[in-house]
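Me: I have a chain to go through. Can you take my questions as they come?

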Amino acid sequence: MENTKFKHLIKEHSIYFLLIVFIIIGMFTSEHFLTVNNFINLLQRSSVIGLISLGMTFVIIGGGIDLSVGSIVAFSGIVVATLMTNGMNLVVSLIFTIFLTLVLGLIVGIITVKFNLPSFIVSLAMMVSARGLALLISNGSPVFGLAGPFAFIGGGYIGKIPFSVILWFIMSIISAIALKYTAFGRKLYALGGNEEAAFYSGIKTSYYKAISFGISGLLSGIAGIVLASWLTVAQPSAGEGMELDAIASVVLGGTSLSGGSGTIGGTIIGVLILSIITNIFNLFGISSYYQYIFKGLIIAGALILNSMVVVREKQ
């Protein structure tokens with residue numbers, strides 16, 4: 001009985017045990033790991049991928065996948081930088097940019113449901129298009145001159161906490177409430193669990209799936225603004241590979257790739273685990289080439305485990 005309880009405890013909270021394991025590894029491998037400055041730096045670096053992963057959680061719970069998030073990050077940074085350097089008001093530039101990224105996300109969702117296409121194909125097309133738009137608007141060059149109040153979004157602090165971390169925290173709470181305590185969240189879980197059953201029970205499945213992509217686009221847009229602000233330069237090449245980091249974080253956090261289950265809390269832990277792994281590698285000065293290989297292995301492992309859980313649940 002006790003053994004069964006222990007196994008259940010490990011299964012339910014395995015992601016938290018994994019986080020603790022990597023923290024312990026970090027403690028024993030570098031004396032700099034447990035310093036306050038290192039953790040603040042780690043959280044600040046996590047905030048961009050953290051924001052993207054929140055949106056990806058909505059999409060995957062609804063049974064889709066969004067490969068366009070990295071390119072939308074680049075598009076967002078280039079648009080807001082171009083608007084501001086051409087004299088547009090900061091607040092208006094931010095609102096207009098976020099609105100555009102919301103529209104890009106909705107376009108992916110609407111095309112997916114309207115033409116009954118796999119979301120990875122539609123979002124792959126948007127990935128290419130959004131990157132092309134970023135290159136077209138910037139003429140392929142970085143946009144500089146982003147200092148001043150704009151730089152506070154990604155590089156400013158409130159007390160000792162980076163504003164970008166506070167923004168990630170606020171968005172996480174809103175996302176968690178939306179998924180757990182609203183009709184929208186319950187219907188999104190039902191949609192991802194069994195789309196046909198959800199449709200015949202009266203849920204507007206197309207509507208909720210499209211909205212989930214809109215949320216992903218919007219949060220990727222905010223992440224792009226944070227990244228451009230932090231670096232004080234907008235790069236058309238920004239965000240490359242972030243879609244894989246976001247998917248890996250969401251899956252590591254326990255969200256099923258087949259949809260219908262997952263939590264924002266799990267996604268946050270998934271983001272932190274990947275960030276800690278990167279942090280440990282950086283503290284040791286290990287080449288980014290090896291980091292890519294290790295991340296690839298982690299993603300493959302997470303996908304295999306996810307697949308095994310799905311098969312076991314069906315049995």
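Predicted model: local features only at pLDDT ≥ 70, side-chain atom pairs only at ≥ 80, totals over all residues.

Me: How many helices and strands does the chain have?
Reply: The chain has 14 helices and 2 strands. Those are DSSP runs, numbered from the N terminus: helices are H or I with at least four residues, strands are E with at least two.

Me: And what is the radius of gyration?
Reply: It is 20 Å, close to the 20 Å from the globule rule for 315 residues, so the chain is as compact as a globular protein of that length. The radius is taken over C-alpha atoms, and the rule is 2.2 Å times the number of residues to the power 0.38.

Me: What percentage of the residues count as buried?
Reply: 47% of the 315 residues. Buried means under 20% relative accessible area, exposed over 50%, and partly exposed in between (1.4 Å probe, protein chains only).

Me: Switching to the surface. Which residues form the nonpolar patch?
Reply: L283, F284, I286, Y289, Y290, Y292, I293, F294 and L297, with about 1,000 Å² of accessible area together. Areas come from the Shrake-Rupley method with a 1.4 Å probe; for residues, only the protein chains shown count as cover. Nonpolar side chains (Val, Leu, Ile, Met, Phe, Trp, Tyr) are joined within 5 Å, like charges within 9 Å.

Me: Which helix gives the most to that patch?
Reply: Helix α14, residues 288-314, with 6 residues. Y292 is found in this helix.

Me: Is Y292 buried or exposed, and why?
Reply: Y292 is exposed because its relative accessible area is 61%.

Me: Now S93. Where does S93 lie?
Reply: In helix α5, residues 90-114. S93 counts as buried, at 0% relative accessibility.

Me: What is S93 in contact with, leaving aside neighbours within four places in sequence?
Reply: V80, L83, M84 and M88. Contact means heavy atoms within 4.5 Å.

Definitions and conventions. Residues numbered from 1 in each chain as written. Heavy atoms only, no water. Patch = residues over 30% accessible without salt bridge, like charges linked within 9 Å, V, L, I, M, F, W, Y side chains within 5 Å. Salt bridge = Lys/Arg side-chain N within 4 Å of Asp/Glu carboxyl O.
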